[in-house]
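Subject: Structure handover

Hi,

Here is the structure I promised to pass on. Please open it alongside this note; my findings follow below.

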Amino acid sequence: MEDSKSKLIDIQRLRKGMFVQLELGWMDHPFPMGSFKISSDEQIQTLRSLGLSQIRYVPSRSDVQVDEVPPQALPAVAGEPALEASAPDQMPATPQGSGADRARQARLAARLAQERCLEVCERRFFDATRQYKRVGEQLRLSPQEARRQSEELVGSCVSELLANGESVIRLLTEVSGDRSATHPINVMVISLLLGKALGLEEASLKDLGLVAMLHDIGKLELPDRVRSFDDQFTTAEYRMYQEHVEQGVLLAQRMGLSPGVIKGISQHHEMADGSGFPMRHKVDRLETLGKIVALVNRYDNLCNPARLAIALTPHEALSVIFAQMKARFDTSVLGAFIRMMGVYPPGSVVQLVNDRFALVVSVNSSRPLRPRVLVHDPVVPRSEALILDLEQVPELGIKRSLKASQLPKAALDYLSPRQRICYFFERAVEAPSPAGAEQ
C-alpha cells in the first residue's frame, strides 16, 4: 500500500517537489486531485490555509526529501514569515470549517467563471450563425448589403483574434439548429485560428474569414436534397452537388468580393494531389486561402456529417486526415493544423493515465499538447465539476482516445460528449497552478 511508504510531516516543511496525499474529502480542498506533486509556492500557501498542522507525503515519489529541509528557521513562502518546525509525531489536525468552506467557495467561484467564459463564446457563435443567415437572405435582394454584413462579422472576429495574443479553441455545448449555418461559422473560426498560426497578416485573415464563411453559399442555389454530400448520391446528383462551387463563385462576384476571396471560394474542394473538383488543380496552382479552407472544411465534415451515424470524433478525424488523406492537403498547412489542434482536439473523449474518463473542452492553439479536460468524478456533482488544465498537471496525461459509446453510462451522462462539434475562441489566460494528480 502506498500509505505504508508515506509519512506525516509538519505542514511548514512543505517544499516544491514533494508528493503529498491529502486526508480530506474532495470538497474540503480546492485541488483537482487529493494526491499530487507540489509544483508552486501558491500550492504550498493553499495547503497551509487548510487548517492542517501536519500533512502526509511520499518520499519515493518526491524530488525533495523532508530530511533536506532543516527544521530550524524554515524559509518563508511568498511573503510568509519564517517559522519553526513543530514536533513531527503529532497527529494531523482536523481541517477547520472555515478552511473547508473557503475551498468549496473557491471551487464554486472558479466553476462560475468557467461557465461565464463559455457563455460568452456560445453567444458569439450563435450571433455569428444568425448573421450568416441574414447574409443568405440578403444575397438575392442586395448582394452589396450581404457583402457589408459579411465583412462586418469577419472583421470583428479578426480584430478579437488578433487582440487575444494566445487563443484557446473552446468546445461549445450541444449545438442544435441548421447545420447549413453552423458549418460555415465553424469553418470560419477554425480557419482564422489556422491562418493566425501560419502568420497571415490582418488583411489576409479578413480575406480568409470571408472565404471560410462564404465557401458554401452556392448551395443556396441547389435543391435541398443535394446540398449536403451523401456517399449514396447517384452520378447525376453528385454532379449537381459539385455545381455549388460554380454557383458560389457567381454569387461572390455579384457581392463584389475581391479576386483573392473569389479564388479561395472556387478552390475550397480542390486537393493538393489533383483529386478535388471542379478544376482538379494540384498544389502548385492552389492559393493559401483555398488550401486552408479545403482542409478545415474536410475536418468539420468528418466531425459533423449530415448523417450523425457516420460522425468521427475529433481525434479520429485528425487521425484519418493524417493517415489516409495526407497527400490531399498542402504539407505546411496540414502540419500547422495538427500542431494547433493537438493530438486530442476539443470534443475528444479520452481516458487519463489514472484511468479516469474525461472530455477535452479546450486547447491553447499555441501550446496544444496539454489540453484542458472535464474529468468524470462520481464524488463531485456535475454542476460543480471543474475543468482541469493538464499543462498545469505534469504528472497526469492522456492514455487513449475513446468513442462515446465506449464510456460507462455514468461517465457518458456526466461528460455529455457532443453529437455536433462546434468551436469558438477566447483569450488564453494563465490560470493559477493547480495541484497535480495521482497517477
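Start with Y299. Leaving out residues up to four places away in sequence, Y299 touches I190, P314, A317, L318, I321, F337, M341, P345 and Y423. Keep in mind that this is a predicted model.

Y299 also belongs to the largest nonpolar core, which has 80 residues. Y299 is among those with the most contacts inside that core, along with L194, L214, L257, F337 and M341.

Next, a helix pair. Helix 5 covers residues 202-214 and helix 8 covers residues 288-303. Their axes come within 10 Å and cross at roughly 45°. That angle makes helix 5 oblique to helix 8. The crossing is right-handed.

Which residues meet there? From helix 5 come S204, D207, L208, V211 and A212; from helix 8 come L289, I292 and V293. The residues of this contact divide into six nonpolar, one polar and one charged.

Last, K196. You will find K196 in helix 4, residues 179-197. Is K196 buried, exposed or partly exposed? K196 has a relative accessible area of 25%, so it counts as partly exposed. K196 touches L161, G165, S167 and L205, again not counting residues up to four places away in sequence. L162 is 34 residues from K196 along the chain, yet their C-alpha atoms are separated by 8.1 Å.

Best wishes

Definitions and conventions:
Residues are numbered from 1 along each chain as its sequence is written. This is a predicted model: local features need pLDDT of at least 70, side-chain atom pairs count only at pLDDT 80 or more; totals for chains, interfaces and linings use all residues. Side-chain values use heavy atoms; hydrogens and water are left out. Axes are lines fitted to C-alpha atoms, for helices over the stretch in contact, and angles run from 0 to 180 degrees between N-to-C directions. Helices (H or I, at least four residues) and strands (E, at least two) are DSSP runs, numbered from the N terminus. Angles under 35 degrees count as roughly parallel, over 145 as roughly antiparallel, 65 to 115 as roughly perpendicular and the rest as oblique. A crossing is left-handed if the near helix is turned anticlockwise from the far one by less than a right angle, and right-handed if clockwise. Contact means heavy atoms within 4.5 Å. Ala, Val, Leu, Ile, Met, Phe, Trp, Tyr, Cys and Pro count as nonpolar, Asp, Glu, Lys and Arg as charged, and the others, Gly among them, as polar. A nonpolar core is a set of buried Ala, Val, Leu, Ile, Met, Phe, Trp, Tyr and Cys residues joined through side-chain atoms within 4.5 Å. Buried means under 20% relative accessible area, exposed over 50%, partly exposed in between (1.4 Å probe, protein chains only).
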